[in-house]
Amino acid sequence: QKGYAGTTMEEIAAAAGLTKRTLYNNYADKDALFTGIVSNVGSYADAFAVGVREALGAAATPRALRAALDGLGRRLALGIVRPEVVAIRRLLIGESRTFPALAKAYFDRAPGQVISTLAAGFRRLDRAGALRVPDARRAAAQFAYLVAGELLDRAVLTGEIPAEREIVAGAREGVETFMARYGD
């Protein structure tokens with residue numbers, strides 16, 4: 001709420017219901033705590049990447065592919081357009097000059113990993129003739145933006161999280177647009 005520089009370890013301990021000593025026993029300083037928080041947010045991307053491989057690997061028919069992409073789009077949008085992710089992205093954007101390596105590590109582990117995993121799946125689907133993707137990485141980035149980008153940008157910039165129904169509708173329409181471009 002007050003940004004990195006405007007928040008003390010004492011305030012963090014109080015908000016978490018911890019003593020200052022407990023907080024310092026787990027984190028040497030505010031930098032270590034910030035790094036730990038950012039790292040924890042990346043764990044969602046790890047789990048999502050596993051789900052991408054499973055969902056796209058099981059998409060053997062056009063109907064199954066569409067269902068897999070609808071499911072992935074919905075999960076991706078709901079997973080990233082949520083208060084914790086929006087808050088960490090806002091904080092990282094504000095602190096990226098102070099913590100450029102942390103911002104890069106977050107990008108690589110979260111959005112970057114998801115895009116890479118989607119790209120690998122789209123490459124396989126292209127080889128199988130289920131999609132037409134001349135540039136799998138670009139297609140993966142477009143998929144991610146189509147299902148969540150505008151809503152995520154709005155949430156990051158305004159701090160307002162859209163309603164779940166709006167997120168789901170946006171994801172569904174994003175998949176529709178993706179399939180219009182890359183579908184067979």
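Where does Thr7 lie relative to helix H1? The close-up views below come from a predicted model, and the opening view takes up that question.

**View A. Thr7 sits in the segment before helix H1.** Helix H1 covers residues 9–16, and Thr7 belongs to the segment that precedes this helix. Is Thr7 buried or exposed? Its relative accessibility is 18%, so Thr7 counts as buried, since buried means under 20%. Leaving aside residues up to four places away in sequence, Thr7 touches Lys2, Ile12 and Lys30.

**View B. Asn40 of helix H3 and Tyr106 are 9.9 Å apart in space.** This distance runs from C-alpha to C-alpha, while 66 residues separate Asn40 and Tyr106 in sequence. Asn40 is part of helix H3. With a relative accessibility of 53%, Asn40 counts as exposed.

**View C. Five arginines form a positive surface patch: Arg53, Arg123, Arg124, Arg127 and Arg137.** Which helix gives the most to this patch? Helix H6, residues 100–127, does, with 3 residues. Arg53, for its part, lies in helix H3, which spans residues 30–57. Arg53 counts as partly exposed, because its relative accessibility is 43%.

View D. Side chains of opposite charge can pair when their charged atoms come close. The side chains of Asp70 and Arg66 meet at 3.3 Å, N to O. Both residues belong to helix H4 (residues 62–80), where they are 4 residues apart, about one turn of the helix. Asp70 has 28% relative accessibility and so counts as partly exposed. Arg66, at 26%, also counts as partly exposed.

View E. Glu164 is partly exposed, with a relative accessible area of 49%. Arg74 counts as partly exposed too, with a relative accessibility of 38%.

View F. Asp108 and Lys104 are 4 residues apart in helix H6, so about one helical turn separates them. Asp108 is partly exposed, its relative accessible area being 39%. Lys104, at 52% relative accessibility, counts as exposed.

**View G. Arg66, Asp70 and Glu176 belong to one network.** Salt bridges that share partners join these three residues. Arg66 and Asp70 are the helix H4 pair whose side chains meet at 3.3 Å.

Definitions and conventions:
Residues are numbered from 1 along each chain as its sequence is written. This is a predicted model: local features need pLDDT of at least 70, side-chain atom pairs count only at pLDDT 80 or more; totals for chains, interfaces and linings use all residues. Side-chain values use heavy atoms; hydrogens and water are left out. Patches are made of residues with over 30% relative accessible area and no salt bridge: like charges are joined within 9 Å, nonpolar side chains (Val, Leu, Ile, Met, Phe, Trp, Tyr) within 5 Å. Accessible areas come from the Shrake-Rupley method with a 1.4 Å probe; for residues, only the protein chains shown count as cover. A salt bridge is a side-chain nitrogen of Lys or Arg within 4 Å of a carboxyl oxygen of Asp or Glu. Lys and Arg count as positive and Asp and Glu as negative; His and the chain ends are not counted. The place of a charge is taken as NZ of Lys, CZ of Arg, CG of Asp or CD of Glu. Helices (H or I, at least four residues) and strands (E, at least two) are DSSP runs, numbered from the N terminus. Buried means under 20% relative accessible area, exposed over 50%, partly exposed in between (1.4 Å probe, protein chains only). Contact means heavy atoms within 4.5 Å.
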